[in-house]
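Please keep the sequence and the structure in view while reading.

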Amino acid sequence: FISAHWVVLFLFFISFTEFAVLNVVTGVFCQSAIESAQHDQATMMQSMMANKETHLNKIKQLFKKMGADETGCITFAMFEDKINDPDVRAFFESLDLDIWDAWAFFKLLDTDGGGMVEVEEFFMGCLRFRGTARAMDVAKIIQDQRWLINHMSRFESFMESELNLLKEELFRSRLISREDSKVMPR
């Protein structure tokens, strides 16, 4: 026979254990949701746009560190010289950008193709390429594809004109050979 004290103590133990386990499960779920929200791309971009002036000032300081001239622009040479600087690396890591190919990243930032990147181009490019490297890889592929299409179109036009010239030359040589065969008796 079990006393009422032990029954109450046992029920308290079961209740306490169940609440403790539920508390741990809830804590893990909430922590996961908080981390997910912190890494949410849209939330990060909204935050950056809200703090645009702060970020632009940080980028201007970064540009000065890279040696930007009075126009506020940097060239690829400036970018390449400072890309391995720990402070510059830390800045890109704080933006969740993985810069593994400096030339490709610079070309992607230089949207107008002028060979120089302005502060605004840099800021908008960093916003566009935040997150996983996959976004930058896709953008690089699109840029390379545009370049290939442009150059293939030029090559196609060149080849077409060369083939037309060759065709005309062959036609002339046939005419000349026919005329020569008519003139020369056998």
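The chain holds 8 helices and 2 strands, where helices (H or I, at least four residues) and strands (E, at least two) are DSSP runs numbered from the N terminus. Along the sequence these elements follow the pattern α-α-α-β-α-α-α-β-α-α. The model is a predicted one, in which local features need pLDDT of at least 70 and side-chain atom pairs count only at pLDDT 80 or more, while totals for chains, interfaces and linings use all residues. Residues are numbered from 1 along each chain as its sequence is written, and side-chain values use heavy atoms, with hydrogens and water left out. Of the 186 residues of the chain, 22% count as buried; buried means under 20% relative accessible area, exposed means over 50%, and partly exposed lies in between (1.4 Å probe, protein chains only).

**Aromatic pairs**

A pair of aromatic rings is described by the distance of the centres and the angle of the planes. Rings of Phe, Tyr and Trp (its six-membered ring) pair if their centres lie within 6.5 Å, and planes under 30 degrees apart count as stacked, those over 60 as edge-to-face and the rest as tilted. By this rule there are 5 aromatic pairs. In one of them, the ring centres of F12 and F16 are 6.2 Å apart and the planes stand at 25°, so this pair is stacked. Both F12 and F16 belong to helix α1 (residues 4-38), where they are 4 residues apart, about one turn of the helix. F12 is exposed at a relative accessible area of 55%, and F16 is likewise exposed at 54%.

Another pair, formed by F79 and F106, is tilted, with 5.8 Å from centre to centre and 40° between the planes. Because F79 lies in helix α4 (residues 76-82) and F106 in helix α6 (residues 102-109), this pair ties together parts that are 27 residues apart in sequence. F79 is buried, with 0% relative accessibility, and F106 is buried as well, at 4%. These two residues also belong to one aromatic cluster, which is formed by F76, F79, W103, F105 and F106.

**The core and the nonpolar surface**

A nonpolar core is a set of buried Ala, Val, Leu, Ile, Met, Phe, Trp, Tyr and Cys residues joined through side-chain atoms within 4.5 Å. The largest such core has 29 residues, of which I74, F79, F92, L97, F105 and F122 touch the most other members. The elements that give two or more residues to this core are α3 (52-66), α4, α5 (86-94), α6 and α7 (119-128). In α6, 6 of the 8 residues are buried, so this helix is largely enclosed by the rest of the structure; the buried residues are A102, A104, F105, F106, L108 and L109.

**Salt bridges and cysteines**

Side chains of opposite charge can pair when their charged atoms come close. A salt bridge is a side-chain nitrogen of Lys or Arg within 4 Å of a carboxyl oxygen of Asp or Glu, and a search of the whole structure finds 2 of them.

| Salt bridge | N to O distance |
|---|---|
| E168 and R172 | 3.7 Å |
| R172 and E169 | 3.4 Å |

In helix α8 (residues 133-183), E168 and R172 are 4 residues apart, about one helical turn, while R172 and E169 are 3 residues apart in helix α8, also about one helical turn. The relative accessibility is 42% for E168, 44% for R172 and 46% for E169, and each of these values counts as partly exposed. Through shared partners, the salt bridges join E168, E169 and R172 into one network.

The structure holds 0 disulfides, a disulfide being a pair of cysteine sulfur atoms within 2.5 Å. C30 is partly exposed at 36% relative accessibility, whereas C73 is buried, with a relative accessible area of 8%.
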